Amino acid sequence: MQQANQKNFWDAVGIPSRGERLYQAIHNGFSCEVFSKLADISGVGKKQLAKITTIAPASLSRRLKSGFFTEAESDRLYRYAEVYKAAL
């Protein structure tokens with residue numbers, strides 16, 4: 001049951017749970033959809049999530065226009081998701 005809940009979390013956020021697919025997703029940069037879903041699921045606003053993951057407001061605006069986050073930003077978003085999931 002625990003494993004099913006973890007899989008559902010990652011599916012809901014739109015991030016592969018581990019392995020090569022996760023590495024590639026981080027390397028290529030998460031889509032803005034992942035950011036929005038993570039904010040919704042964790043119950044924090046987008047501005048607050050950006051602050052927590054140290055994404056500057058101007059950078060957030062650029063990412064939302066381009067549609068993707070950088071590798072470093074994606075890594076921080078993934079780490080936030082891991083901590084949030086562990087706290088459930």
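Reply: The protein chain's accessible surface is about 5500 Å², and carbon and sulfur atoms own 53% of that (Shrake-Rupley method, 1.4 Å probe; for residues, only the protein chains shown count as cover). Keep in mind that this is a predicted model, where local features need pLDDT of at least 70, side-chain atom pairs count only at pLDDT 80 or more, and totals for chains, interfaces and linings use all residues. Side-chain values use heavy atoms, with hydrogens and water left out, and residues are numbered from 1 along each chain as its sequence is written.

As for charges, there are 13 positive and 8 negative side chains, and the centres of the two sets sit 6 Å apart. Lys and Arg count as positive, Asp and Glu as negative, with His and the chain ends not counted; each charge is placed at NZ of Lys, CZ of Arg, CG of Asp or CD of Glu.

Going inwards, 36% of the 88 residues are buried, meaning under 20% relative accessible area with a 1.4 Å probe, protein chains only. Of the contacts between residues at least 6 apart in sequence, 66% join residues at least 24 apart (contact: heavy atoms within 4.5 Å).

The fold itself has six helices and zero strands (DSSP runs: H or I of at least four residues for helices, E of at least two for strands). How far to trust it? Mean pLDDT, the predictor's confidence per residue from 0 to 100, is 92 for the chain, and 92% of the residues score at least 70.

Methods
Buried means under 20% relative accessible area, exposed over 50%, partly exposed in between (1.4 Å probe, protein chains only).
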